[in-house]
Amino acid sequence: QVQLVESGGGLVQAGGSLRLSCAASGLTFSTYAMGWVRQAPGKEREFVASIGWSGGTTSYTDSVKGRFTISRDNAKNTAYLQMNKVKPEDTAVYYCAAPGGPGRSTCAPTRPASYTYWGQGTQVTVSS
């Protein structure tokens with residue numbers, strides 16, 4: 001079955017950096033778009049970033065543009081989220097997600113409802 005395992009979360013000071021990783025198995029990773037979605041306490045899940053299977057298409061929510069970078073290594077079946085200049089409002093559980101099937105190389109879904117497979121999440125806490 002499909003498994004997505006996140007790592008790299010933790011406590012970081014405002015202005016600092018973190019890199020999240022998502023190791024995928026049980027799917028042909030190189031044909032799937034991947035996404036990162038976060039959920040802060042008391043709030044709904046929020047799209048953060050996504051990347052098409054070739055890596056040539058990326059999408060970001062406005063609040064992280066210029067600070068976060070999504071990438072992938074298809075040889076390692078791993079997606080990444082590089083988080084720079086983090087802010088306290090970035091504090092949330094970050095989930096890695098994959099859609100229900102392969103798509104076009106330009107497909108990088110931006111709605112949490114577009115994703116079928118989810119990891120267990122990794123906590124990111126930004127102190128001020």
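This is a predicted model: local features need pLDDT of at least 70, side-chain atom pairs count only at pLDDT 80 or more; totals for chains, interfaces and linings use all residues.
**Entry 1: Arg-72 and Phe-29**

I began with Arg-72 and found its charged end over the ring of Phe-29, 4.4 Å from the ring centre.

**Entry 2: Thr-78**

Both of those residues came up again when I looked at Thr-78: leaving out residues up to four places away in sequence, Thr-78 touches Phe-29 and Arg-72, along with Ser-21, Cys-22, Ala-23 and Asp-73. I placed Thr-78 in strand E8, which covers residues 78–83. Is Thr-78 buried or exposed? Its relative accessibility is 10%, so I logged Thr-78 as buried, the cut-off being under 20%.

**Entry 3: aromatic pairs**

Next I asked how many aromatic pairs the structure holds. I got 2. In one of them, the ring centres of Tyr-95 and Trp-118 are 6.2 Å apart and the planes stand at 80 degrees, so I wrote it down as edge-to-face. Tyr-95 belongs to strand E9 (residues 92–98) and Trp-118 to strand E10 (residues 117–118), so this pair ties together parts 23 residues apart in sequence.

I then turned to Tyr-115 and Trp-118, whose ring centres are 6.3 Å apart with planes at 70 degrees; that pair is edge-to-face because planes over 60 degrees apart count as such. Tyr-95, Tyr-115 and Trp-118 therefore go into my notes as one aromatic cluster.

I looked up accessibility for each ring of the cluster. Tyr-115 is buried at 5% relative accessible area, Tyr-95 is buried at 12%, and Trp-118 is partly exposed at 26%.

One more find at this spot: the charged end of Arg-45 sits over the ring of Tyr-95, 4.1 Å from its centre.

**Entry 4: the nonpolar core**

Which residues touch the most other members of the largest nonpolar core? That core has 28 residues, and my list reads Met-34, Trp-36, Val-48, Phe-68, Leu-81, Met-83 and Tyr-94. I also traced where the core comes from: strands E3 (18–25), E4 (34–39), E5 (46–51), E7 (68–73), E8, E9 and E11 (122–127) each give at least two residues.

Note on methods: Residues are numbered from 1 along each chain as its sequence is written. Side-chain values use heavy atoms; hydrogens and water are left out. Rings of Phe, Tyr and Trp (its six-membered ring) pair if their centres lie within 6.5 Å; planes under 30 degrees apart count as stacked, over 60 as edge-to-face and the rest as tilted. Helices (H or I, at least four residues) and strands (E, at least two) are DSSP runs, numbered from the N terminus. Buried means under 20% relative accessible area, exposed over 50%, partly exposed in between (1.4 Å probe, protein chains only). A charge sits over a ring if NZ of Lys or CZ of Arg is within 6 Å of the ring centre and within 35 degrees of the ring normal. Contact means heavy atoms within 4.5 Å. A nonpolar core is a set of buried Ala, Val, Leu, Ile, Met, Phe, Trp, Tyr and Cys residues joined through side-chain atoms within 4.5 Å.
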